Each structure stands twice: as C-alpha cells, then as structure tokens.
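Take a look at the structure below. We will begin with one of its pockets and then move on.

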Amino acid sequence: MGSVLVMCLLLFLLFLHTQAQLEKITLGSSLSPKTNHSSWHSPSGHFAFGFYQQGNGFAVGIWLVDKPNITVVWTANRDDPPVPLNSTIKFTKDGGLLLRTAQGDEKAIVKLFEQPASASMLDSGNFIIYGHESQIIWQSFDNPTDTILGGQRMKYSQLISSRSTSDHSSGQFYLNLHNYELAAYPVNHSGIGEECYWNVRILVTGYPLQLNLSLSGTLQLTDGNNILQAIANSSYSATSKTVIYRATLDADGILRLYSHRFDINGNSNVTIEWSALINQCEVKGFCGFNSFCSSDSNKTDCYCFPGFDFIDPQEKFQGCNRNFTDEEGCQRKEPALVYNITNLEKTKLGGLAYEKQRMHKEDCSESCLNDCHCGGALYSDGTCNKFKLPLMFGMKDENESHTVFIKWNSGNPNLEIPPFLHKRVDLSENKKNLIITLAVSLGFIMFLCLLVAISSFLVYKLRVNRYKKLPGNSCLGLTQEFTLQSFSYSELEQATDGFKEKLGRGWLGAIYKGSIYEGSKMIAVKRLENPPEEAERKFRAEMVAVRQTHHRNLVRLLGFCLESSRKLLVYEYMSKGPLADLLLVALEEVHMKTLERMVKVGLLCIQDEPNLRPSMKNAILMLEGTMDIPVPPCPSPLVST
C-alpha cells in the first residue's frame, strides 16, 4: 500500500514539473524583434515562435533551432511583406495574436472564433492557443505551410512550397491530399492529371485520407486509424540522441524527409532520409513558361527557348518572354519570311495540345511554321502535338526520342541557343540551299543540252563534208529527193569480199552478194561498169524511183556509192531466190491474171530497145493493175540462127 502511495506521489510531482517547464503564454504577453524577447521557446528549446529575420525585415513563424542556423517550419501570413524592426506581437483577449507596426497598422496573425486564454509552444513544434476551459481553439499543426513535423497529421489541407530557402512566401508548387491520392502539382495550373508530376494513389473509400509523419520518422498515408501505405522511412535507429523529423515540400517542388539529430550541446546534424524525385527536371514547372529544364550529374538549370529571354535572370524559375513582337500575327500571309523553326532533340513539352495529328517529322515542323497559333510542337511516336504560347513543362531528357519544334523570329540578331542544342532547322537557309541546288542542276542540264547540240552540229557537218566529196555532176539533188545510206567504195569492196560471189548480171552491170554490220545483214550490190552518159542518167533515175517506192513485191534499195566513175547500188538480198524460182515453186498458188500481168511486165522490162522498156513507175503501176499493159513484142533471140 505504501509503495502505491509513493508511486502516485512521484507521478504527481512529475506532472507538476512538466507543467512548470511548459511555458504558458498569458494574455497581454508581447514580442518585439528589437528586444531580447523576440520569441517564445518550447521547453526543450528546440522550437520557437516569434519574429525571425527575412530579407531586410522580419516575418512571424515557427522554426527549429539548429545551431547556428534555424529551419523555418511554419509562417504566418506568408505572402505579406516583411515587417520592420519596430513591430510587435500582442496576445490580447479580444483579438488573440495581433501584429502591430509603429505606424499603428494592426493585423491578426491567426483567425480565432473563440476568446483565447493562453498559448504554448510545444516540443513537438506545435503552437497551440487554448480557450478558457483549456480546450484547443487553434493550433499550427492544423494549418501547415510547407512542412509537417513528427507526430503531425495533415488532412483537409495542402502543403505549398516556399519561394526559396530564404524567402518563405508561397512558391511554385503544392502537395494536395485528395480522397484517394497524394499528388504534387505546379501552382497556377488547373490541377488536371497531365500536370501532376508525383503522386501516391490509394484505392480506398469511406474514410478521408490523411498524411502522417510518425515520431519515429515514418511518412505514411492513413485513414485516421489504419496505416494504408508507408511512403518513406528513416534509416536512423540510434536512441542516444534527440532526433526530430520533418517532411518538407521544398522550394524546388520535391517532397523530402529530413532528420535533425541533436547532441547534448544543442548542435544538430541534418540528413535527407528520402526524396520523392531524383531528377529535378521531372518537377513540372521547375522552369517557368517558355523555358526548359536540363540536368546532368552536376547541375540542373533552366534555359529559354530560342526567341525568348528570361524575365529575371536572377530568378530563372519565373520563365521567359518573347524577345520580339509580331503586330501582324495571324494576318501575316507568309510566316516563313519572318519565322524560323528550331528543333530540340530529346526534349519534350507538357500541357494540353490544341491539335494532334499523325504525320512525318518534317511535316510537323512545316505545320507549326505555317500555323499562326502555333508557338511550338512536340513530335513523338509519329504524332505532331501543337501548343499555343506560353509553352510549359519543357524538359530535356537523353533517354527520350521526342523532338520539340520552336517557332521564333528570324530577325533577332542576338539570339543565343545553348551549346548542347546542336541541330537547328533554319527554313530560310534551307530555301537558299534549295535555290542553289536548283540553279546548279539547271546549269548542268543546260551544259548537257549544249554538249548534245554541239555534237549534233559536228555530225551534221561531217555528213555534209562527205556529200561535198561527191563528183560535181552528182548535184541532182539526191539528198533532197530521198534519204539513202552513202557507202564508200572500199566499204562495199570489203562487204562483198572483193566482189567475190557473183549472183547474176543486169543491164547496168553485175550483181554481187555481200554483208554489212559485221555479217548481220545480207546485201546485193549492183556495180555499173563503164556506163555511157545516158545509162548513168537512168542509173540515178532508178535510185530515185526505187527509193521512193515501197511495195511488198519489190526489193528495197538500201544505199549507193558515187565515187568518180565508180557507181554502185546496194539492195536487200533476196534469200529466197529470184522471181522465176518463186514462180516455178508456187505457180499453182498465184492467180492466173496476176501471173499474166507479171509475165507481160517482165517481157517489157527485158526489151533490147530502151524506149520499149517501161519506166520503173509505170512498171509498178502495171504490176498493181492500175495501168493497162500493152502487148509486149517478142524479144530478140539470145542466139541467132
């Protein structure tokens, strides 16, 4: 019984000691940055509430005391400008926590719906305001800014990143807790799925989803009672040091789990236990509008697209603006005269495209160039995605095969493109190259035409010279009356093998067998032997008549030779023999009247008297039956009796 009393006494004394250590902030208390009393500390001294330095002024918030620095975990009215040194915080009965300046301006730090009685800064990092019945009427754990601490639950709220590590006003990213998903987005966007860059989804219904960071450093999603999914765990297991955990949506948009390990002197060692993303460029919106993110093992940086300049080179995350103006806009009829297209390989864009079409890569570039609404296009997997300005979520990724086409003004002389963007498609330069190529091609074609013309002229002159070598009395206009091949005497002598094989003899001379074209065509050559003047005239007349006459029953004249007194005619060779042989072989197949007509014409042609022989033209007409055939006289006998 006595031991029980002792135990109860010890517990009571411990409670009194704890209450004594917990500093109660009473009504009427105040803080000022120009005095030594500028903050209210937790019992352990690890956390403090009050004024902290920001820029050239002060902000009101809660911070973790990391000697020699501090880590801000909560900020009041974070988007207000810093306040001056002569500002004060008053804890009043009517207004609660009020921020006052020397000019008399007054603003509530927190909104209260009940009258306060006291406040406390706890060792958990939670700042609490109590009512008259010691009930909690407001606490910082219910209103996080960019951080949750060990033992804190986030529900029905969101984390918004800070602008930078030194500026704790609202930044570019937020972490939102839906009914079934924890997701990170860039601010000032619609919050649709395409804009989410990191998320954890839970298939659960019926209970609101909560984000909880345990005192042991486990970041987890719960439904209030049950752990649904552990997101991250601390690797630290030592118990000899004080360890405080926090999960912060950092200014770069990445959610990280930190541990602060304190030694007995109050000094701390900060460690990143877990990071939601490794590649900084995966954070959509890390680089602002009209810019893209590029990262390597050593550095992550933002670059403006061609034709754009940084709004503020010191704060590249703000994005870029066009460095040119186009007053005509969509009224411009020939955009290619003003705009160029630059392609960025292994780069992609985000957001919603206003037009998507399947096409070739080159056509995607041309399509964006000629579309006045297009500021850039993403070509991926055979699809052209066109985007209006401003362009967003640009990212260079060496593991991707995407290509981005950027339309920019070609009249900007100061355009700078990052050195790793090797390939640029300059359409105006391509047009110049096309013109040069066409000019060279046309010049080459004209040269070929000129070469052919000169060759033709030389061939013509050569043939004219050959005709001029003919004797003077040959000016009967043969070249004007018909076109025959002119042979030299030596050619025909070679073709007939020196006039070796004699086929027969005509009234002008002997007929010899020969071949031309390397033996591929057989010919019959008639050689005129010392003809008189009248016979020479008829020789020429026969050339004209035979050449101008085409009949299936007549042999065709192929050419001639006129060299001084040497005159020869070249005929097709009759491989089936002379007419007489054909008449004997196919006598029964020939019509009697036709046979009679052929015999009469043949008799007329062998008359001794030249005036009795018909001309070649009349002979043809007689054979065709279009001219009457006179009765031929009997020819003279070859041998007289």
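β6 gives the most to the lining of the second largest pocket: four residues. This is a predicted model, where local features need pLDDT of at least 70 and side-chain atom pairs count only at pLDDT 80 or more, while totals for chains, interfaces and linings use all residues. Residues are numbered from 1 along each chain as its sequence is written, and side-chain values use heavy atoms, leaving out hydrogens and water.

Stay with that pocket (on a 1 Å grid over the protein atoms alone, an open set of points where a 1.4 Å probe fits, with protein on both sides within 12 Å along at least five of seven lines). Its lining has 25 residues (each with an atom within 4 Å of a point). Thr71, Val72, Thr165, His168 and Arg246 lie nearest the centre. Two or more lining residues come from each of β4 (47–54), β6 (69–75), β22 (242–249) and β23 (255–262). Strands here are DSSP runs (E, at least two residues), and helices are too (H or I, at least four), numbered from the N terminus.

Now find the open sheet. Its four strands run in the order β1-β10-β11-β12, with antiparallel pairing. Two strands pair if DSSP finds at least two bridges between them. What holds such strands together? Strands of a sheet pair through backbone hydrogen bonds, either parallel or antiparallel. The edge strands, β1 (25–26) and β12 (136–139), each pair on one side only. Strand β11 (residues 127–130) pairs with β12 over three bridges. Ile128 has Gln139 in β12 as its bridge partner.

Finally, locate Phe447. Helix α3 (residues 427–468) contains Phe447.
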